[in-house]
Amino acid sequence: MGTIAASIRRERTRTGLSLTELAKRAGIAKSTLSQLENGSGNPSVETLWALGAALGVPFSHLVDPPRPATRVIRAGEGPATHAERADYTAVVLATCPPGARRDIYRIIVQPGEPRLSDPHMPGTVEHAVLATGHALIGPADDPVELRPGDYLSYPGDAPHSFRALAPDTSAVMVMEHI
């Protein structure tokens, strides 16, 4: 909740909107907005979408915490936001910086020697969601053990590797080029 509170306050300040004006534009009560900025509210997906639209920022900018160079989100973890009118939960794994390009790959790997990758273009970030199997993925000098559903992001502009620890290990890989 602290991340969301700080993000709403930051974006409202950036746009120069008062609490009253932002609440009006988002169609929510001023008291609700005040609670959210103070970290004491529990916003729904719909409320955050309305605030994002009123602030001119994507939903993800309000819920995604600052991220380190290497980040792991295990299955069942991450900043979850729930809908009011459906059994729906959104977990933002990563946001796309302005001007970035993403390539998405499905990877299937068998146990054996790891796939060692040389650094890609400066600014490249790789994202992996392990679909099946078991693997060591990430920076060549400090790979992370992943199981199905786990997410990892790491610098793609440094040496990195992917080593399957189980047959038919598969992952979705996203390469983000800035």
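Ser161 has its place in strand 10. Helices (H or I, at least four residues) and strands (E, at least two) are DSSP runs, numbered from the N terminus. The model is predicted, so that local features need pLDDT of at least 70 and side-chain atom pairs count only at pLDDT 80 or more, while totals for chains, interfaces and linings use all residues. Residues are numbered from 1 along each chain as its sequence is written, and side-chain values use heavy atoms, with hydrogens and water left out.

Is Ser161 buried or exposed? Ser161 counts as buried because its relative accessibility is 8%. Here buried means under 20% relative accessible area, exposed over 50%, and partly exposed in between (1.4 Å probe, protein chains only). Strand 10 as a whole is mostly covered, with four of its five residues buried.

Which residues are in contact with Ser161, leaving aside its neighbours within four places in sequence? They are Pro114, Arg115, Leu116, Leu136, Ile137, Gly138, Ala140 and Pro143, where contact means heavy atoms within 4.5 Å. Phe59, by comparison, is 102 residues from Ser161 in sequence and 32 Å from Ser161 in space, C-alpha to C-alpha.

Two strands pair if DSSP finds at least two bridges between them.

Strand 10 is joined to strand 5 by three bridges, and Ser117 has His160 as its bridge partner in strand 10. Five antiparallel bridges link strand 7 with strand 10; here Ser161 is the bridge partner of Gly138. Strand 7 (residues 135-139) also pairs with strand 8, over three bridges, and Leu146 in strand 8 is the bridge partner of Ala135.

| Strands | Bridges | Opposite residues |
|---|---|---|
| Strand 1 and strand 9 | three bridges | Arg71 and Ser153 |
| Strand 6 and strand 9 | five bridges | Val129 and Tyr151 |
| Strand 4 and strand 11 | nine bridges | Val109 and Thr169 |

Strand 9 (residues 151-155) is mostly covered, since four of its five residues are buried. In a regular strand the side chains alternate between the two faces of the sheet.

Asp168 lies in the loop between strand 10 (160-164) and strand 11. Its phi is positive, about 55°, although Asp168 is not a glycine. Most residues other than glycine have a negative phi.

## Helix 4 and its cover

Helix 4 (residues 45-55) has the buried residues Val45, Thr47, Leu48, Leu51, Gly52, Ala54 and Leu55. Their cover includes helix 1 (2-15), helix 2 (19-26), helix 3 (30-37), helix 5 (59-63) and strand 2 (80-82).

## The chain as a whole

The protein chain contains five helices and 11 strands. Its C-alpha trace spans about 60 × 35 × 20 Å along the principal axes. Of its 178 residues, 40% are buried. Among contacts between residues at least 6 apart in sequence, 69% join residues at least 24 apart.

The chain exposes about 9,500 Å², of which carbon and sulfur atoms supply 55%; accessible areas come from the Shrake-Rupley method with a 1.4 Å probe, and for residues only the protein chains shown count as cover. There are 17 positive and 19 negative side chains, and the centres of the two sets lie 8 Å apart. Lys and Arg count as positive and Asp and Glu as negative, while His and the chain ends are not counted. Each charge is placed at NZ of Lys, CZ of Arg, CG of Asp or CD of Glu.
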